[in-house]
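Hi,

Here is the structure I promised to pass on to you. Have a look at it first, and then read on for what I found.

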Amino acid sequence: MSSLLAIYAGAFALISAALSVTRPNAVHSLLYLVVTLLALAVCFFALGAAFAAVLLIMIYAGAIVVLFVFVVMTLPISPEAITRERALLRRAWPLPVLMSVLIVAPFVFGEIGLKATGQPAPVSAQEVGKLLFGPWALAVELASLLLLAGLIGVRHIGRSDRSPRSGS
Amino acid sequence: MAHLLPFVPVPALLGFVILSLVPVPLSRAAVIALGVGAAVLPAILFFPVGLSCIEGVCVAGAVVPILSIDTGVFVAQIAMSMDPLSMVTGGTVVLVGALVLIYSGAYMASEPLPDLRRFFAVMNLFLAGMLAVVFAADVILLFLGWETIGLCSFMLIAFYDKLPKAVASGRKALITTRVADSFLLAGLMMLFLNAGTTRLDGMLAAVPGIDPWRLAPIAFLIALGALGKSAQFPFHTWLPSAMAGPTPVSALLHSATMVAAGVILLARLAPLFAAAPEISAMVAMLGILTAALGALVALIQTDVKKLLAFSTMSQIGFMVLALGLGAPAVALSHFAIHAVFKSLLFLSAGVMSHAAGGSTAIESLRGSRYRQPLAFWSFAVGAASLAGLPVITAGWYSKEAVLAAVWSSGPWGVPLWLLAATAAVLTGAYAFRVVFVAASQTADLAAPAWGGLAVVVPLTVLTLVAVIGGLSVGALIQFTGGATVHTPLLPTLLGAAAPILGVLLARQLVKHPQELEALAKRMRHVRIFRFEVLYYYYFVRRFRRVATVLGNAEGTEAVADAVALRREGVDVPGLVTDDPLGRGASQVRGIRTDLITRATDGQTPVVRMVAGDPVGRLLIVVARLFVGFFVARFNPDRIDRAWMGLAGGAGHAWALVRRTQTGRVRDHSLWIALGCAGLLLFAWGTSWR
Amino acid sequence: MTGSDLIGIMILAAGLFAIGVFGVLARRGMLFQLVALEVALSGPALGFIAAGAYHADPEGQGMFILVLTLAATEVAVGLALFLRLRRLTGTDDSDAISGLKG
């Protein structure tokens with residue numbers, strides 16, 4: 001039952017993802033991205049990964065999409081821009097579609113014959129925490145380094161040109 | 001006292017953090033006090049640790065653990081070692097570092113404030129990195145320190161960042177050492193994979209169990225890394241240009257400590273190299289090569305800093321030689337003594353050239369004896385130690401130990417010893433050349449006052465150590481686990497005579513400078529010890545000559561020879577009038593000969609001798625037929641055409657390839673996606689059932 | 001029915017990734033490409049979670065958290081670059097910025 005729900009939600013996510021990457025309007029695109037992420041969160045719940053689902057909603061659908069929204073607010077969305085986007089997409093689609101098919105095909109044909117058994121079992125947040133701060137402590141440290149590098153990089157990129165030595 | 005050891009580098013690191021990262025404006029005096037204090041504190045902290053050594057705490061294999069990282073597969077233990085090796089090298093580094101920083105507090109005082117702050121910040125970071133290298137008991141800490149000192153070296157060579165030359169020199173040093181460092185990293189990783197631990201003692205314990213075929217490449221890679229940092233023969237080009245940095249930098253990094261890091265590494269991994277004798281032999285060869293060539297090139301330098309740079313290369317070559325011959329204790333004692341007298345030389349040369357108006361040319365030091373007596377005499381003591389004047393100087397004891405190790409190193413000992421002794425003669429010559437020039441009288445004696453406690457203290461301390469340190473050489477060798485080698489009387493006497501001979505040579509050269517100039521002219525090819533020029537001289541020029549001969553250009557030596565012979569009445573068949581193969585093309589161009597014809601008929605005297613008897617004639621006819629049928633097909637025109645076609649094809653290929661590099665994000669991600677799809681298809685194909 | 005559930009979810013995950021790749025390759029607006037990258041990253045995330053759930057192993061969720069960190073960094077840097085480039089060139093077309101030293 002729960003895995004059926006997972007597949008259903010996953011398929012929903014797939015469809016809204018396809019819509020999200022093809023919308024010419026940036027706001028629509030973002031809305032479909034949110035729908036994709038919410039559907040994925042439902043899928044995670046159904047698979048018993050409640051912690052991951054909550055994180056997905058909070059960080060992905062919350063923080064990251066809010067970032068996107070801030071940036072979209074600075075964009076002028078005019079009807080001309082939308083028609084231009086649509087025209088560009090109409091010309092460019094065949095090769096990327098071929099590429100996507102090439103990527104999916106091995107999965108579909110390679111896994112269709114496999115015999116997998118078992119039921120999804122819930123994994124508690126406690127176990128994840130024990131894993132992350134026990135044997136994976138080094139990976140967590142590396143991730144924190146990555147975040148720090150991102151922080152410094154963004155601060156450097158986002159500097160304004162007019163006063164080159166401001167604040168440093 | 002052992003737990004104090006991990007805190008020895010901490011003040012230097014704190015000094016770097018405060019000076020570079022804390023955004024509080026500091027006054028000039030505060031910057032100098034912080035920078036110097038952060039370098040003196042490690043020496044004070046090290047003192048009790050060193051004292052505890054006398055009580056016998058430091059034995060081989062003693063370590064102070066700092067922390068361990070459990071990655072699940074293995075446990076990386078970060079630790080510092082307290083063995084005699086790290087005590088000797090660490091003591092040298094803290095002493096020299098503290099004294100040089102005190103000196104630079106006075107030397108750099110007139111720099112602009114931001115530059116001054118940058119200078120002391122980087123110097124402190126360097127000191128912390130160097131201490132990490134010498135104390136490291138595991139490869140992680142070692143490599144961290146190793147890379148830190150490499151980076152600091154770059155930043156300090158390029159310290160005068162308004163001068164393009166300084167920046168270029170820094171870049172050269174960075175790239176050269178980085179290439180060597182990647183070898184080192186590869187070697188250390190392979191060693192780790194074979195030993196399964198990052199601790200150095202664990203790695204060395206695993207060495208006997210490693211297959212020799214794996215051990216040799218590991219030792220080779222690590223040796224290359226160490227030689228690169230130490231500016232030995234294939235990687236030496238960066239050191240002379242590294243003198244673009246300020247003088248204290250040259251004194252600390254590029255003579256006393258950093259360039260000797262390779263020696264320290266090789267000494268620490270000595271059992272590994274003992275298990276790979278062929279690599280040790282290579283290391284020894286490169287060492288003696290660098291020692292001899294460096295001394296030869298130093299002899300004809302006109303700039304005192306360049307001279308000292310080449311002499312550093314040469315002296316480190318001596319250490320590497322001793323290491324390659326399996327005498328790490330001797331190499332370490334020479335390291336300690338060399339660090340002292342070489343930094344003494346640099347510091348006093350800095351004072352003298354400052355008094356001479358900032359010029360570092362040897363000629364401008366003339367008269368320093370009267371302008372800066374203290375600096376001159378300490379330079380003289382340093383030079384005596386560098387030359388190794390017998391009995392009174394420390395350099396003699398350590399160099400004698402190296403020479404003794406060379407003498408008693410097996411069948412090749414004596415020839416190697418001769419080479420090393422020649423290098424020692426040259427060392428005496430170049431060291432005292434500067435002393436004699438500086439001692440001579442000159443009219444211009446206007447002495448700008450420069451000195452003070454910050455200059456006097458380091459010079460005095462270093463001078464004292466350079467003189468009385470020799471008494472400790474035997475103890476040092478014993479302490480670091482080497483046995484004193486007893487050599488026969490003859491090589492000892494000869495070894496003692498070598499520096500004196502060198503001094504006499506220097507006297508001669510200074511009295512007759514034109515001899516030196518003549519020597520310099522003759523040694524033009526050696527002076528271009530820099531690879532790129534050498535490469536041009538020996539490869540490009542030769543190739544061009546061959547190309548002109550092959551291309552039948554008129555006016556080449558071949559044609560000139562042939563014409564000259566013809567004029568003397570000798571029959572030269574290579575010329576056009578009696579072209580044996582009757583190739584018509586040559587008649588159009590007039591006189592014409594090519595390499596092939598020259599090879600068969602051109603060497604007339606031999607050919608004519610043979611021409612009398614039928615067998616020889618037959619041979620020549622066969623050769624001519626061979627030339628006519630096979631070789632002539634590849635006549636220069638056709639080769640040229642094929643060659644130019646290839647070159648043109650490269651141009652077309654370039655134009656084609658260029659069109660794939662659109663710079664568009666979409667197209668580049670298309671290639672990435674294609675690779676991804678390819679990998680997935682491959683995975684599918686290999687898991688097919 | 002139970003046996004092929006994991007396989008179905010894995011194919012869905014691959015589909016999500018492929019759709020993301022399609023978006024990156026087909027769109028020219030940088031903002032759309034960033035959205036597509038997010039979609040592409042969510043595919044492996046689903047794969048990790050599903051595999052972890054079917055093997056009752058916390059490592060799947062651990063990897064998901066690492067992917068999340070990566071996505072957050074990537075979005076921050078990507079958007080900063082987007083704003084910077086738009087200020088510099090006045091366009092949001094990724095094909096327009098094909099030169100170096102720009």
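In chain A, buried residues make up 33% of the 168 residues. Please keep in mind that this is a predicted model.

To get your bearings, start with the fold of chain A. Its secondary structure comes to 7 helices and 0 strands, and reading along the sequence gives the pattern α-α-α-α-α-α-α. Among the contacts in chain A with a separation of 6 or more, 63% are between residues 24 or more positions apart.

Next, turn to where chain A meets chain C. This contact takes 68 residues from chain A and 60 residues from chain C. On the chain A side, α1 (2-22), α2 (26-46), α3 (50-73), α4 (79-92), α5 (94-111), α6 (125-133) and α7 (137-157) each supply at least two residues. Which helix gives the most to that side? It is α1(A), with 11 residues. By type, the residues of the side of chain A that touches chain C divide into 51 nonpolar, 13 polar and 4 charged.

Finally, a helix in chain C that you can check for yourself. Helix α3 of chain C runs over residues 59-89, which is 31 residues. At 1.5 Å a residue it should span 45 Å, and its end C-alpha atoms are 44 Å apart, so the two values agree. After α3(C) comes Gly90(C), which has a positive phi, near 75°.

Happy exploring, and do write back with any questions.

Best wishes

Notes: Residues are numbered from 1 along each chain as its sequence is written. Chains are lettered from A and ligands numbered from 1 in the order in which they are written. This is a predicted model: local features need pLDDT of at least 70, side-chain atom pairs count only at pLDDT 80 or more; totals for chains, interfaces and linings use all residues. Helices (H or I, at least four residues) and strands (E, at least two) are DSSP runs, numbered from the N terminus. The expected span of a helix is 1.5 Å times one less than its number of residues. Two residues are in contact if their C-beta atoms, placed from the backbone, lie within 7 Å. Ala, Val, Leu, Ile, Met, Phe, Trp, Tyr, Cys and Pro count as nonpolar, Asp, Glu, Lys and Arg as charged, and the others, Gly among them, as polar. A residue is buried if 20 or more other C-beta atoms lie within 10 Å of its own, exposed if 12 or fewer, and partly exposed in between; C-beta atoms are placed from the backbone.
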